[in-house]
Amino acid sequence: MSRVLIRGGRLLDPSIDHDAVADLLVEDDRVVEVGPSLKAENAEVIEAEGKWVAPGFVDLHVHLREPGQEYKEDLASGGRAAVAGGFTSICCMANTEPVNDDPAVTQYILDRAAKDSPARIFPIAAATRRLAGEVMTEMSALKDAGAVAFSDDGETIMDARVMRNVLEYSKLVDAAVVIHAEDCGLRADGVVNEGRMSTRLGLPGNPVEAEEIHIARDIRLARLTGARLHVGHVSSGGSVELIQAAKEAGLSVTAEVTPHHLALTDEATGGYDTSTKMAPPLRTGSDIETLRKALAEGIIDCVATDHAPHATYEKDVEFTAAPCGVLGLETAFGVVCDMVRTGEISPLELMRRMSTAPAQIFDLEGGSLTPGSAADIVILDPNCSWVYDPAEGFSKSRNSPWAGAELKGQVFATLVDGRLVYQTGRGILIQ
Amino acid sequence: MIGQDLLGIEHLERDQIELILETAEHMQEIGTRDVKKVPTLRGRMVVNLFFEPSTRTQTSFEIAGKRLAADVVNFSVSSSSLSKRESLLDTAKTLDAMDPDVVIVRHKVAGVPQRIADVLDAPVINAGDGAHEHPTQALLDMLTVFQEKGRIEGLTVAIIGDIAHSRVARSNIYGFTKLGAEVRVAGPPTMLPPHIEDLGVKAYSSLREVLDGVDVVMALRIQNERMGGGIFPSVREYSSTFGLDRAKLRFARPDAIVMHPGPVNRGVELSHDLADHRPSVILDQVRNGVALRMALLYLIAGRAFPQNQE
Amino acid sequence: MAPPRTTSPDSSSPPEGAKSASSAAMSPDAGVPLASSTASAVDQSRERVVLDDTKIRRALMRMAHEIVESNTDLGALYLVAIPNGGVPLARCLAANLESLAECQPRMGTMDTTLYRDDLAARGTRPRLRTTEMPSSVDESVVILVEDVVSTGRTIRAAMDALMDFGRPRSVKVMALVDRGHRELPIKIDYVGKNIPTQPGESVVFRAKPYDKSEEELFEVVVQGLDDSPPDLERTKKSGGFV
């Protein structure tokens with residue numbers, strides 16, 4: 001029996017609204033005791049004074065590229081990047097090669113993940129075959145194989161009838177459908193937010209309306225079907241209004257926001273750096289303000305990274321030709337921690353948005369530190385400043401807008417299943 | 001300015017623009033000589049790196065370089081570098097290894113000259129990137145207006161056409177406003193980009209209103225292929241609403257001049273006879289292009305810190 | 001061609017004394033000196049006038065006599081001024097020639113900047129000045145008119161430039177001041193005054209306007225620069241009119 005005692009940290013457990021200094025004792029893969037001045041013989045002790053101790057982060061939206069594009073990332077490197085960023089559970093999108101639209105692919109991912117990844121990996125299966133937006137996947141078989149949700153992320157289901165059927169059918173397996181909301185016609189070849197910056201840069205614009213129109217449509221379809229709709233990477237203030245109205249109407253609608261949409265505006269694209277190109281694009285300061293407020297108030301349920309690795313040579317091209325997406329796992333906490341310092345959100349609520357809330361949306365274990373819970377734990381140093389260098393990180397790729405940036409708020413240690421898998425300065429601690 | 005990139009007018013200071021224009025005026029004299037060559041850039045290498053074909057601009061730079069005795073090398077890259085599995089920046093680095101003294105970059109995508117400048121030691125001159133900037137065109141336009149009008153400060157300039165997709169419009173907006181002119185833009189609403197007035201111009205959708213009292217009318221080239229994107233219904237409708245002819249020009253000042261970056265779609269942006277005769281100054285623009293580019297090469301070509309102290 | 005120019009401060013910040021000199025009286029780009037590095041080093045208190053207006057005009061008249069004496073075909077004369085200082089000097093010289101021999105030499109102005117041999121070694125490009133050569137120099141007797149000659153490099157550049165305007169029968173050089181320190185085998189045919197100087201000093205010719213008339217007041221001063229090591233610019237010549 002292995003025991004780990006985490007001593008003296010500020011214990012933040014959103015599942016029971018606990019925010020106080022306490023010790024936490026882990027035996028094997030479970031939390032067994034929480035309280036002041038715990039004694040444990042033969043326990044590995046982690047001193048956590050001045051640090052936060054919280055349920056391991058849960059990311060509902062990552063791209064791990066395996067199978068098929070292992071030169072960008074694979075389950076091993078993505079899993080390492082996850083625990084280095086404090087994430088103990090991550091949900092990988094279906095746009096691999098082949099697409100995860102078949103139970104065999106889902107099973108492959110789970111098998112590989114169990115062998116290679118220090119983080120728990122949960123596959124999200126495609127909602128339609130080959131992400132083509134035409135024929136829905138075998139949701140029941142996929143769910144049985146281990147898929148936790150369904151999404152064509154990266155692509156948009158443009159045919160409303162197909163989307164309606166996907167939502168209707170998803171009720172059979174009681175799983176959330178995650179949408180990538182962008183009206184492809186309106187977006188056209190847009191690569192940056194349409195507005196002052198797109199005009200200045202001379203790059204084709206992508207208006208917020210392309211996102212909002214689509215979210216509005218799918219909220220109507222969620223109302224029509226009663227299915228669980230999860231809105232991926234919300235980027236505009238207008239989208240927040242739509243989601244708020246849907247929640248007030250009692251619909252089963254949830255939403256996520258990425259760290260980059262919380263922190264960066266389209267001004268970051270001024271140097272045509274393709275590490276600032278993603279879908280949806282970076283928006284304006286007023287969008288950021290609305291998004292941060294919505295996250296604090298819970299209108300947006302959770303933070304998800306949309307971690308999207310691409311090889312350097314793929315990004316070192318014309319801005320319009322570069323693939324969309326940026327790394328996110330290793331920088332997420334350092335970026336969003338800023339909201340605690342500015343007083344926009346309490347530490348407990350931030351932890352809720354990063355662990356408890358997302359775990360609930362996909363019915364995942366985790367997000368709690370009550371005795372009996374899985375010992376997926378993150379220990380954070382909110383005051384430690386560090387400089388992020390993607391070359392030193394665990395992802396295979398380097399496409400981060402925060403390359404070389406100083407971030408305040410660092411992951412000190414991560415435990416998965418009761419095992420210390422990452423500690424700052426020591427790196428990944430298991431094979 | 002030796003070793004400095006010229007990526008756009010947006011980041012130039014007024015006195016830099018004036019130095020370039022003044023230098024270009026002196027360069028014009030060389031074009032009037034029997035022997036149209038000076039030894040200034042002997043032994044220097046000017047590379048034309050054109051990802052998008054543009055005979056006019058490329059030739060203009062080539063003549064400018066040769067008149068300054070530089071070696072001019074044309075490095076044409078037919079299509080996207082992606083097709084060769086070589087990234088854009090690989091191409092740039094390959095070029096840099098050949099030690100050019102200045103690299104002229106033209107690309108159909110905005111931002112490429114900047115990305116190339118980021119990895120190149122040699123200074124980069126933007127010869128047009130997507131809908132972003134075309135600084136040498138704007139500078140030669142300013143030179144042309146200056147020589148016609150004797151000043152730029154206080155003039156009113158109207159730019160007409162597809163502002164949204166025009167690099168020439170953006171560079172001229174920055175340039176003329178920096179030198180104290182009032183700039184107006186006009187076109188069908190589908191051709192006016194969002195927040196264009198943030199660049200310091202006033203936007204119009206009426207040809208009559210935009211021309212009222214202007215000193216300079218600049219017509220932009222309409223790309224017929226844009227019709228596919230649905231931003232204007234037909235060439236006929238465009239030319240009847242925003243095409244210029246002598247009758248419509250009466251709304252402008254009596255001494256107004258007409259400019260066009262070329263090549264002109266005759267009967268579309270400009271009527272046939274307006275394209276060829278005063279008050280249009282289109283051929284002066286072309287002529288000034290060589291002198292202007294000579295001035296830029298003179299001011300910019302070379303590495304920022306020469307080691308060869310003689 | 002001298003089109004109106006945009007008003008702009010000189011980016012090269014010339015020495016103060018030189019900047020104020022003659023800019024009103026000369027071509028539009030006057031008062032734009034080549035030597036920018038001397039600006040901060042010039043100490044006005046260590047400046048002494050070595051030639052005043054009277055002496056300069058006397059010298060110009062004497063040189064006009066010499067030119068008339070040594071040239072049989074005065075009709076072939078072509079005065080080519082090297083800006084900026086050569087311009088007012090050539091104008092005065094031409095007036096003298098007309099009064100002495102009723103000859104009206106052709107006049108031109110020729111900037112040598114683009115022919116300089118030190119462009120590659122400099123961190124900034126010198127501003128260009130006017131070149132205006134109204135007619136070909138073929139078969140003419142060219143007299144290059146320069147204010148101060150020292151290393152001979154400007155004259156070398158001027159001869160190169162001249163060949164681009166035709167094939168003169170002969171080329172001669174007139175300098176108001178020869179201050180020595182020659183680095184090239186250049187001979188001055190008509191010298192106003194030899195002024196031996198230390199390498200650290202610079203010699204400046206100025207043409208100041210006065211009384212709002214066309215008249216200019218000429219002077220040549222020597223500026224001490226002994227605090228700083230000599231460099232290309234200073235040994236080359238003045239700060240005012242190079």
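This is a predicted model: local features need pLDDT of at least 70, side-chain atom pairs count only at pLDDT 80 or more; totals for chains, interfaces and linings use all residues.
In chain C, strand β5, which spans residues 170-178, pairs with β6(C) in the parallel sense over four bridges. Within this region, Asp178(C) stands opposite Asn194(C), a residue of β6(C). Helix α2 of chain C, residues 53-70, packs on the sheet, where it touches β4 (141-149), β5 and β6 of chain C, and its direction makes about 150° with that of β6(C). A further helix of chain C, α4 (residues 153-163), lies across β2 (77-81), β4 and β5 of chain C and runs at about 155° to β4(C).

Taken as a whole, the sheet of chain C is open and is formed by five strands in the order β3-β2-β4-β5-β6, with parallel pairing. Its edges are formed by β3 (106-109) and β6 (190-194) of chain C, each of which pairs on one side only. From one strand to the next, the twist averages 20°. In general, the strands of a sheet pair through backbone hydrogen bonds, and the pairing may be either parallel or antiparallel.

Of the 242 residues in chain C, 47% are buried. Among the contacts in chain C with a separation of 6 or more, 75% are accounted for by residues 24 or more positions apart.

In chain A, helix α8 comprises the twelve residues 237-248 and reaches 17 Å from its first C-alpha to its last, which is close to the 16 Å expected at 1.5 Å a residue. The buried residues of α8(A) are Ser239(A), Val240(A), Leu242(A), Ile243(A) and Ala246(A). Because these residues cover an arc of only 165° around the axis, they are placed on the same side of α8(A). An α-helix has 3.6 residues a turn, so residues three or four places apart point the same way. The elements that cover the buried residues of α8(A) include α7 (208-225), β13 (229-231), β14 (253-257) and α10 (285-297) of chain A. Just after α8(A), Gly250(A) adopts a positive phi of about 85°.

Terms used. Residues are numbered from 1 along each chain as its sequence is written. Chains are lettered from A and ligands numbered from 1 in the order in which they are written. Helices (H or I, at least four residues) and strands (E, at least two) are DSSP runs, numbered from the N terminus. The expected span of a helix is 1.5 Å times one less than its number of residues. A residue is buried if 20 or more other C-beta atoms lie within 10 Å of its own, exposed if 12 or fewer, and partly exposed in between; C-beta atoms are placed from the backbone. The arc is that of the directions from the helix axis to the C-beta atoms. Two residues are in contact if their C-beta atoms, placed from the backbone, lie within 7 Å. Two strands pair if DSSP finds at least two bridges between them. Axes are lines fitted to C-alpha atoms, for helices over the stretch in contact, and angles run from 0 to 180 degrees between N-to-C directions.
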